[in-house]
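Me: I would like to go through this model with you, one topic at a time. Could you take my questions as they come?
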Amino acid sequence: AAEKAALKDRIRRLLKEKEATLVAHYYVDADLQDLAEETGGCVSDSLEMARFGRDNPAKTLVVAGVRFMGETAKILSPEKTILMPDLDATCSLDLGCPADEFAAFCDQHPDRTVVVYANTSAAVKARADWMVTSSIGLDIVEHLHKQGKKILWAPDRHLGSYIQKKTGADMLLWQGSCLVHDEFKGVELDLLRAEYPDAKVLVHPESPANVVAQADVVGSTTQLIDAARTMDATTFIVATDNGILHKMRAAAPGKHFIDAPTAGNSATCKSCAHCPWMAMNGLQNLADVLEKGHNEIHVDPETGRQAKRAIDRMLDFAA
Ligand code: 13P
Ligand code: SF4
């Protein structure tokens, strides 16, 4: 514990010294989330991380999350130095959508508006008309559908089919998935709900359709935390990465949270739904990157300029 406290002090001191701001996602280690908040950084969902990073005056941003979040920060602020605790922290959605294959897919469907999820590489975003996050994807597709647009969606098939069902839009889906959310099980969730009939079910839309179908609220990480805080219930079943529970508990003191069942999860398994790449962010490597200034995110400037158009469209829509 003393070692941990010393590391945290070192990080606080280095953030000041280097005039750096820490931007963290809700799935990273609780200590990192707390540090981000108490030092004037932010802990949030992908949309707010992008917006906060863009608007923050610091010359250096340290992004505690996964690679696409660091890349988005760099694309929006090419003049800033963007560091990450571990550059190998990727995402199964990003890995499952290689830019060359994606470009070929787009080439086959030139009549479609290309909408990509934030969880993609800069090169994939550069090929897109719009980028969206889970908090705003539904609204943006609805808007495009009303304009009569046909959509090519990538990469998350569960989020894509959820939006498709809700909006009735004509959507052609890339078949990617998140390795964490894909593990939530509908049948087991049904059984768990029978045990807790008063519980409300909070689901991230990267989860399979038979899990989403049982949700009281479907939303981004921020939207799920808001629901836990504001909903009139004392027990919640949560189908998303369990890193979220740290802030959820803080936002809704006295309420009770239960992990939704996954394939490898039983009543005794407390840490099945956790992203291995988010878990690569720790106090030690955060302190090290701040000290040494290594692990800088670079995005090819031309690719970045192309990708920025798709991200700016979303941010303008959200404004
Ligand atoms: P949010 O934008 O909802 O925070 O989601 C990001 C993510 O990677 C979910 O797995
Ligand atoms: Fe990607 Fe899933 Fe990890 Fe989110 S939880 S970063 S979607 S692998």
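Me: Is alanine 273 buried or exposed?
Reply: Alanine 273 is buried, because 26 other C-beta atoms lie within 10 Å and the cut-off for a buried residue is 20 or more. Please note that this is a predicted model.

Me: Where does alanine 273 lie, and which residues is it in contact with?
Reply: Alanine 273 belongs to the loop between β12 and α14. Leaving aside neighbours within four places in sequence, its contacts are Val180, Glu183, Asp241, Asn242, Asp259 and Thr262.

Me: What separates the C-alpha atoms of alanine 273 and serine 44?
Reply: The separation is 19 Å, for two residues 229 places apart along the chain.

Me: On to cysteine 275. Where is its place, and what does it touch?
Reply: Cysteine 275 sits in the loop between β12 (256–259) and α14 (283–292). Not counting residues up to four places away in sequence, cysteine 275 touches Tyr27, Val180 and Asp241.

Me: Why is cysteine 275 classed as buried?
Reply: Cysteine 275 is buried because 23 other C-beta atoms are found within 10 Å of its own.

Me: Which cysteines does the UniProt annotation "binding site" cover?
Reply: According to UniProt, in an unreviewed entry, the "binding site" annotation covers Cys91, Cys178 and Cys275. These residues are spread over 185 residues of sequence, yet they cluster in space, with a largest C-alpha distance of 9.1 Å.

Me: What about cysteine 91: where does it lie, and is it buried or exposed?
Reply: Cysteine 91 lies in the loop between β4 (81–83) and α5 (92–95). Cysteine 91 is buried, with 26 other C-beta atoms within 10 Å. Beyond four places in sequence, cysteine 91 touches Val66, Phe68, Asn119 and Trp277.

Me: How many residues surround ligand 2, and which are the closest?
Reply: Ligand 2 is surrounded by 13 residues, the closest being Cys91, Ser92, Cys178, Val180 and Cys275. By class, this shell has nine nonpolar, two polar and two charged residues.

Me: And which residues are around ligand 1?
Reply: The residues around ligand 1 are Asp45, Ser46, Asn119, Thr133, Ser134, Cys178, His204, Glu206, Ser220 and Thr221. By class, the shell of ligand 1 has one nonpolar, seven polar and two charged residues.

Me: Which domains contribute at least three residues each to the shell around ligand 1?
Reply: Domain 2 (93–178) and domain 3 (181–259) each supply at least three residues to that shell.

Me: Which other positions does UniProt list under "binding site"?
Reply: The unreviewed UniProt entry also lists His25, Ser46, Tyr117, Ala118, Asn119, Ser134, His204, Pro205, Glu206 and Thr221 under that name.

Me: Take threonine 221 from that list. Where does it lie, and what does it touch?
Reply: Threonine 221 lies in helix α12 (residues 221–230). Not counting residues up to four places away in sequence, threonine 221 touches Tyr26, Asp45, His204, Thr240 and Ile244. Threonine 221 counts as buried, because it has 26 C-beta neighbours inside 10 Å.

Me: Where is tyrosine 117 found, and does it count as buried or exposed?
Reply: Tyrosine 117 is part of strand β5 (residues 113–117). With 29 C-beta neighbours inside 10 Å, tyrosine 117 is counted as buried. Setting aside neighbours within four places in sequence, tyrosine 117 is in contact with Leu93, Val132, Ala154, Pro155, Asp156 and Leu159.

Me: Back to the domains. How is the protein chain divided?
Reply: The chain is divided into domain 1 (2–90 + 278–298), domain 2 (93–178) and domain 3 (181–259). The centres of domain 2 and domain 3, taken over C-alpha atoms, are separated by 25 Å.

Me: How many residues of domain 2 and domain 3 are in contact?
Reply: In domain 2, 10 residues are in contact with 14 residues of domain 3. By class, the side of domain 2 that touches domain 3 has three nonpolar, six polar and one charged residues.

Me: Last topic: how many residues does the largest nonpolar core have?
Reply: The largest nonpolar core has 96 residues, and those with the most contacts inside it are Val62, Val63, Ala64, Val115, Val116, Met131 and Leu202. Helix α4 (residues 67–76) provides the largest share of this core, five residues.

Conventions: Residues numbered from 1 in each chain as written. Chains lettered and ligands numbered in written order. Predicted model: local features only at pLDDT ≥ 70, side-chain atom pairs only at ≥ 80, totals over all residues. Near = placed C-beta within 6 Å. Nonpolar A, V, L, I, M, F, W, Y, C, P; charged D, E, K, R; others polar. Domains from an automatic or database assignment. UniProt positions renumbered as here; feature names shortened; annotations may be inferred. Helix = DSSP H or I, 4+ residues; strand = E, 2+ residues; numbered from the N terminus. Buried ≥ 20, exposed ≤ 12 C-beta atoms within 10 Å, placed from the backbone. Contact = placed C-beta atoms within 7 Å. Core = buried A, V, L, I, M, F, W, Y, C linked by C-beta atoms within 7 Å.
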